[in-house]
Amino acid sequence: MNDMTGRVCVVTGANTGIGKATALGLARMGATVVMICRNRARGEAAQAEVQRVASAPVDLFRADLSSQAEVRQVADDIRARYAHIHVLIHNAGLQLPQRTLSVDGIEMTLAVNHGAPFLLTHCLLDALKAGAPSRIVVVSSLVHRWGSIDFDDLQLERGYTMDRAYFRSKLCNVLFTRELARRLSGSGVTANSLEPGLVKTDFARVYTGVQGWFVHNVWMRLFAQTPEQGAQTSVYLATSPEVAGVTGAHFAKCRPIEPSALARDDALAQRLWNVSVHLCNYSSSQIR
């Protein structure tokens, strides 16, 4: 087990599933765990659970990551308490059966799964650089391989489906990480993405009807991993000496793998970055 004593690790979506398992894994290694959760009551319950295995403080910040104002505010609050951050794990995510807009007028899946990691990374970058060598870990999914990006309809105003929105957002995760790693080269901050695999969490509750029966009674029952198993690659990328200095890579089962052809398209990654700057109303000068 790697010793993370004195290392500050920020985990989004840390109150349940893979996020809570990741926080628990880091806490057991001695890290100071900073949990970002949307629901305060559930966050406090998870915080208490993580604190029971921790030898260092476990901190909780509440934020709705679909709101850019709340992303900025939680980043300010974290920076006010922690001048140095050593690990930032973007784990929070969602799927929605119906197309919904965030408070900022952005399709909700894109806002939470891609926009929030993009903006939060920018807002915490000074603390990450101050903590260098530091690491950014982005939880994507196998389904990024089925995603595509149409910049003329990035927010799926035409032909929205839950799967199209989710697959696209997970492709955005890999492209964002790739471009982020390129821009942070030489800074002491690494960035890598990962696929946790099929994990038995409440994330699958959005599936209903015949599809829901199949997901819950076949896929989840026969093939799904536990949250602890699903968190292994996140914890590995956050802590392992084996990947110190590795950046811009994609992992599954704690091993580097090749993502989809679209996810390796550098021109697409750069275009998504430029679009995201406008989407999040944030200056690209922060990360050149």
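The model is predicted, so local features need pLDDT of at least 70 and side-chain atom pairs count only at pLDDT 80 or more, while totals for chains, interfaces and linings use all residues. Residues are numbered from 1 along each chain as its sequence is written, and side-chain values use heavy atoms, with hydrogens and water left out.

Helix H8 spans residues 232-239 and is mostly covered, with 7 of its 8 residues buried. Here, buried means under 20% relative accessible area, exposed means over 50%, and partly exposed is in between (1.4 Å probe, protein chains only). Helices (H or I, at least four residues) and strands (E, at least two) are DSSP runs, numbered from the N terminus. The buried set in H8 is Thr233, Ser234, Val235, Tyr236, Leu237, Ala238 and Thr239. Contact is taken as heavy atoms within 4.5 Å.

Next comes a helix pair. H4 (residues 108-130) and H5 (residues 162-183) pack at about 15 degrees, with axes 8 Å apart. The axes are lines fitted to C-alpha atoms, for helices over the stretch in contact, and angles run from 0 to 180 degrees between N-to-C directions. That makes H4 roughly parallel to H5; the label covers angles under 35 degrees, with over 145 roughly antiparallel, 65 to 115 roughly perpendicular and the rest oblique. On the H4 side, the contact is made by Thr109, Leu110, Asn113, His114, Pro117, Phe118 and Thr121, and H5 brings Ala165, Tyr166, Ser169, Lys170, Cys172, Asn173, Phe176 and Leu180. By type, the residues of this contact split into 8 nonpolar, 6 polar and 1 charged. Ala, Val, Leu, Ile, Met, Phe, Trp, Tyr, Cys and Pro count as nonpolar, Asp, Glu, Lys and Arg as charged, and the others, Gly among them, as polar.

As for cysteines, the structure holds 0 disulfides, a disulfide being a pair of cysteine sulfur atoms within 2.5 Å. Cys280 is in no disulfide, and the nearest cysteine sulfur, on Cys123, is 9.0 Å away. Cys280 is buried at 2% relative accessible area, and Cys172 is buried too, at 0%.

Finally, Arg40 lies in helix H2 (residues 40-51) and is partly exposed, at 42% relative accessibility. Leaving out residues up to four places away in sequence, Arg40 touches Leu60 and Arg62. Arg40 and Arg62 are 22 residues apart along the chain, yet their C-alpha atoms are separated by 6.0 Å.
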